[in-house]
Amino acid sequence: MKTQLLTLKKDLFFLALAFAAMPVFSQSKLLVGSWRLIAANKILPAGSEIADYGTDPRGIAIFTADGHYVIEIFRSEHVKFVSGDRAKGTPDEYKDAVLSASCHFGTYTVDETNGTSEEYNDAFLSSDFAFEAYLLDRVKGTITFHTERASYPNWDGTTRTSSFILEGDKLTWRVPPRTDGSTPVSVFSRMP
């Protein structure tokens, strides 16, 4: 009996140690997976929404169950380097290359809540379908990106929080406003 208790204590100790060694992230299992970009827009200070990365932007977002992420967004039109050598671009080619993409990776956490979201209410209430039915297939909250590296170096080692809404297989998030007052909006569709 004493031997069994001692063995049980050891097992519990190692089990607790294993849990303590695991990364601690508050994850929404609803976001885990791969997502294809379907829109990369911006809302101007006056309220109109326009394309931010061209008419047919491309991109992907991947959220892992253990709290890692990668996001890549590319403008639909790229200026090719005339020299054919990325180390020999012109200033305009380099500028276009930097401004035509937004990429970053790191870890993320999710704060998931249900209910109405003030910043999205107008769009929901003006829709053609029943608002009550919509609430059943909708989750809102925030995603906090702990960015390890980014195509925009000022984001390296930073933490940024974006509000999101998940409607079935459609994930939309808003980034905090830029210095020009515009608010980026990214829309993704879950990949099968």
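Helices (H or I, at least four residues) and strands (E, at least two) are DSSP runs that are numbered from the N terminus, and in these terms Thr183 is found in strand β9, residues 183-190. The model is predicted, and local features need pLDDT of at least 70, side-chain atom pairs count only at pLDDT 80 or more, while totals for chains, interfaces and linings use all residues. Residues are numbered from 1 along each chain as its sequence is written, and side-chain values use heavy atoms, with hydrogens and water left out.

**Overall layout**

The protein chain contains four helices and nine strands, and its elements follow the order α-β-β-β-β-α-β-α-α-β-β-β-β from the N terminus on. Of its 192 residues, 35% count as buried, where buried means under 20% relative accessible area, exposed over 50%, and partly exposed in between (1.4 Å probe, protein chains only). The accessible surface of the protein chain comes to about 12,100 Å², of which carbon and sulfur atoms hold 60%; such areas come from the Shrake-Rupley method with a 1.4 Å probe, and for residues only the protein chains shown count as cover. With contact taken as heavy atoms within 4.5 Å, 60% of the contacts between residues at least 6 apart in sequence join residues at least 24 apart.

**The nonpolar core**

A nonpolar core is a set of buried Ala, Val, Leu, Ile, Met, Phe, Trp, Tyr and Cys residues joined through side-chain atoms within 4.5 Å. The largest one has 21 residues, and Phe63, Ile71, Phe164, Leu171, Trp173 and Phe188 are those with the most contacts inside it. Two or more residues of this core come from each of β1 (33-43), β3 (58-63), β4 (68-74), β5 (101-113), β6, β7 and β8. Leaving aside neighbours within four places in sequence, Phe164 is in contact with a set of residues including Leu31, Val110, Val139, Ile143, Leu171 and Trp173.

**Aromatic pairs**

Rings of Phe, Tyr and Trp (its six-membered ring) pair if their centres lie within 6.5 Å, and planes under 30 degrees apart count as stacked, over 60 as edge-to-face and the rest as tilted.

| Pair | Centre to centre | Angle between planes | Type |
|---|---|---|---|
| Phe145 and Trp173 | 5.6 Å | 55° | tilted |
| Tyr152 and Trp155 | 5.8 Å | 85° | edge-to-face |

The pair of Phe145, in strand β6 (residues 138-150), and Trp173, in strand β8 (residues 170-174), links distant parts of the chain, 28 residues apart, and both residues are buried. Ring pairs also join Phe145 and Trp173 with Phe63, Tyr69, Tyr108 and Phe188 in a cluster. In the other tabulated pair, Tyr152 is partly exposed at 44% relative accessibility, and Trp155 is likewise partly exposed at 23%. Arg160 lies over the face of Trp155, 3.7 Å from the ring centre; a charge sits over a ring if NZ of Lys or CZ of Arg is within 6 Å of the ring centre and within 35 degrees of the ring normal.

Ser162 lies in strand β7, residues 159-167, and counts as buried because its relative accessibility is 1%. Not counting residues up to four places away in sequence, Ser162 touches Gly141, Thr142, Ile143, Phe145, Trp173, Arg174, Val175 and Pro176. A polar atom of the Ser162 side chain lies 3.4 Å from the backbone oxygen of Arg174. Thr183 is buried too, with a relative accessible area of 15%, and beyond four places in sequence Thr183 touches Asn41, Lys42, Ile43, Arg174, Val175 and Pro177.

Note on methods. Polar contact = N/O pair within 3.5 Å; in protein donor to acceptor, adjacent residues only side chain to side chain.
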